[in-house]
Amino acid sequence: MNYTSFNKNEEFFVDMQRCIGCKACEMACAECETNGQESLIHVNYVDRASTVQTTVQVCMHCDDPVCANVCPADAISKDENGIVHTANTERCIGCSNCVLACPFGVPKKEESYDLMMKCTMCYDRTSIGKKPMCATVCPSGALFFGTRTEIEEMRPNSTPINTFIFGKEIVNTKVNIMMPKGSTELIIY
């Protein structure tokens, strides 16, 4: 397979403050035939009783993906572009170790397929120079796929963060979360 069209300078950025909860990203993702018409990005309500704030849950494509590390069947792989691929259907045994291990709670086991499924950053599209479907349909700009220079010009008061701290664990990711300018990491309690 020819990977020469994958632009390593482009990254995925998520700005939770801009998410309006429209779920256009979920609809676009579900239309992808490689996903079996399942959405691999999820929009969640923070506290529906008291706020309209939503969050976007998408694979963070960790530098050292714990989902792949705990897979006893070596069904999950990370490629040279930093993309952590969903489970290889011929290898996945449906054990759910990846579901339990992911610090971001991303992989989902689809019981109907007895298979783990997660975002692959639309690798079928990004490997040929296109943007992920979710980022192309997001009307508020909460999801952006482009260069770091582009996002810094668009959001001068924000900083992309891809270092997350879970207790004593530091997790670096390919996906960035937009935080107030000057932030260097996100500590998750």
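The dialogue below walks through several features of this predicted model, one at a time.

Me: What should I keep in mind about numbering and confidence before reading this predicted model?
Reply: Residues are numbered from 1 along each chain as its sequence is written, and side-chain values use heavy atoms, with hydrogens and water left out. Because the model is predicted, local features need pLDDT of at least 70 and side-chain atom pairs count only at pLDDT 80 or more, while totals for chains, interfaces and linings use all residues.

Me: Which residues have the most contacts inside the largest nonpolar core?
Reply: In soluble globular proteins, nonpolar side chains tend to be buried together. A nonpolar core is a set of buried Ala, Val, Leu, Ile, Met, Phe, Trp, Tyr and Cys residues joined through side-chain atoms within 4.5 Å, where buried means under 20% relative accessible area, exposed over 50% and partly exposed in between, with a 1.4 Å probe and protein chains only. Here the largest such core has 48 residues, and those with the most contacts inside it are Phe12, Val14, Ile41, Ile76, Phe104 and Leu143. At least two core residues come from each of β1, α1, α2, β5 (115-117), α5 (133-137), β6, β7 and β8 (169-180), and β8 gives the largest share, 4 residues. These element names refer to DSSP runs numbered from the N terminus, helices being H or I with at least four residues and strands E with at least two.

Me: How many aromatic pairs does the structure hold?
Reply: Rings of Phe, Tyr and Trp (its six-membered ring) pair if their centres lie within 6.5 Å, and planes under 30 degrees apart count as stacked, over 60 as edge-to-face and the rest as tilted. The structure holds 4 such pairs. One of them joins Phe13 and Phe144 in a tilted arrangement, 6.1 Å centre to centre with 35° between the planes, and it links distant parts of the chain, with Phe13 in strand β1 and Phe144 in strand β6 (residues 143-147), 131 residues apart. Both Phe13 and Phe144 are buried. Phe104 and Phe164 form an edge-to-face pair, 5.2 Å centre to centre with 85° between the planes; Phe104 lies in the loop between α3 and β4 (108-110) and Phe164 in strand β7 (residues 158-166), so this pair ties together parts that are 60 residues apart in sequence. Both Phe104 and Phe164 are buried, and together with Phe166 they form one aromatic cluster.

Me: What else is Phe104 in contact with, leaving aside its neighbours within four places in sequence?
Reply: Contact means heavy atoms within 4.5 Å. By that rule, Phe104 is in contact with Gln57, Met60, Cys62, Phe164, Phe166, Val171 and Thr173, once its neighbours within four places in sequence are left aside.

Me: Which side chains meet in salt bridges, and where do they lie?
Reply: Side chains of opposite charge can pair when their charged atoms come close. The rule here asks for a side-chain nitrogen of Lys or Arg within 4 Å of a carboxyl oxygen of Asp or Glu, and the count comes to 5 salt bridges. Glu11 and Arg148 meet in one of them at 3.0 Å, N to O; Glu11 lies in strand β1 and Arg148 in helix α6 (residues 148-154), so the pair ties together parts that are 137 residues apart in sequence. Glu11 counts as buried at 15% relative accessibility, whereas Arg148 is partly exposed at 28%.

Me: Are the partners Asp15 and Arg155 buried or exposed?
Reply: Asp15 and Arg155 form a salt bridge at 3.4 Å, N to O, which links the loop between β1 and α1, where Asp15 lies, to the loop between α6 and β7, where Arg155 lies, 140 residues apart. Asp15 counts as buried at 7% relative accessibility, and Arg155 is buried at 9%. Elsewhere, Lys109, Glu111 and Asp114 are linked in a network of salt bridges.

Me: How many disulfides does the structure hold?
Reply: A disulfide is a covalent bond between the sulfur atoms of two cysteines, taken here as a pair of cysteine sulfur atoms within 2.5 Å. The structure holds 0 disulfides. For Cys59, the nearest cysteine sulfur is that of Cys119, 5.7 Å away, and Cys59 is buried, with a relative accessible area of 7%.
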